Amino acid sequence: MLLATSDASAIEQQHHLGLAPAFGMLSIKDKSTVSAGFGGALHYAYGLTDQWNLTLDASSVVVAADQKLDPPANLQTRPAAVHQAGAGVSYVIDILRVIPWFGIEGGACLLTGGTLDRAIVVPDLSVGVGLDYQLSRTFAVGVTGREHLMISKLDTYPSYLTAMLRFEVMWGY
């Protein structure tokens, strides 16, 4: 039975590599609505212990595909895309096949296109939560949400939220 619970058996030195379609929502101080759109992400995790993973991820989301400079011309704060990369740790509760986790990462966001006169690189701190379902010892699917804080631009970009559907392969157990 597919939904039956059993031991997940996540262990040290296990590798996870995955792809994820992504949805992102960027709040901009001078804009009344959020800029939202789709993209994709890559993620990698390495089991440091049974509970702690080293995590690396990168994503690219088009948040405003047709963002143009409208009057007034001084609103040069609206990117067309947000690209992000980060590294951190996650805590995994691996008792059953359904595996909740949460983590924290530091990295950078690259804001490009739209009404920006040039690309902007911003330090990023993010907190993520997720729920994975281990289909087998080799494959898993899951969902995750991550709130990104663009540290040096919180006044302009107070929130960037991403949600993803994860597909991953695991090895090294």
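Which strand gives the most to the lining of the largest cavity? In this predicted model, that strand is S2, with six residues. The analysis below covers the barrel, the cavity and the aromatic pairs.

The barrel is closed by eight strands, taken in the order S1-S2-S3-S4-S5-S6-S7-S8, and the pairing is antiparallel. From one strand to the next, the twist averages 25°. Strands S1 and S8 run antiparallel and are joined by eleven bridges. Within this pairing, Met25 has Leu161 of S8 as its bridge partner.

The volume of the largest cavity is about 410 Å³. Its lining comprises 36 residues, and those nearest the centre are Ala45, Ser90, Trp101, Asp132 and Arg166. At least two lining residues come from each of strands S1 (15-27), S2 (35-47), S3 (52-62), S4 (81-92), S5 (98-112), S6 (120-134), S7 (139-150) and S8 (159-171). By residue class, the lining of the largest cavity consists of 16 nonpolar, 13 polar and seven charged residues.

Because Phe23 lies in strand S1 and Phe38 in strand S2, the pair ties together parts that are 15 residues apart in sequence. Phe23 counts as partly exposed because its relative accessibility is 28%. Phe38 has a relative accessibility of 63% and therefore counts as exposed.

A further aromatic pair, that of Trp52 and Tyr91, is edge-to-face, at 5.1 Å centre to centre and 65° between the planes. Trp52 belongs to strand S3 and Tyr91 to strand S4; the two residues are 39 residues apart, and the pair links distant parts of the chain. With a relative accessibility of 39%, Trp52 counts as partly exposed. Tyr91, at 27% relative accessibility, likewise counts as partly exposed. Trp52 and Tyr91 also belong, together with Phe102, to one aromatic cluster.

Notes
Residues are numbered from 1 along each chain as its sequence is written. This is a predicted model: local features need pLDDT of at least 70, side-chain atom pairs count only at pLDDT 80 or more; totals for chains, interfaces and linings use all residues. Side-chain values use heavy atoms; hydrogens and water are left out. On a 1 Å grid over the protein atoms alone, a cavity is a set of points where a 1.4 Å probe fits but cannot get out, and a pocket is an open set with protein on both sides within 12 Å along at least five of seven lines; lining residues have an atom within 4 Å of a point. Grid points are joined across faces, edges and corners, and a volume is the space filled by probe spheres set on the points. Helices (H or I, at least four residues) and strands (E, at least two) are DSSP runs, numbered from the N terminus. Ala, Val, Leu, Ile, Met, Phe, Trp, Tyr, Cys and Pro count as nonpolar, Asp, Glu, Lys and Arg as charged, and the others, Gly among them, as polar. Two strands pair if DSSP finds at least two bridges between them. Axes are lines fitted to C-alpha atoms, for helices over the stretch in contact, and angles run from 0 to 180 degrees between N-to-C directions. Buried means under 20% relative accessible area, exposed over 50%, partly exposed in between (1.4 Å probe, protein chains only). Rings of Phe, Tyr and Trp (its six-membered ring) pair if their centres lie within 6.5 Å; planes under 30 degrees apart count as stacked, over 60 as edge-to-face and the rest as tilted.
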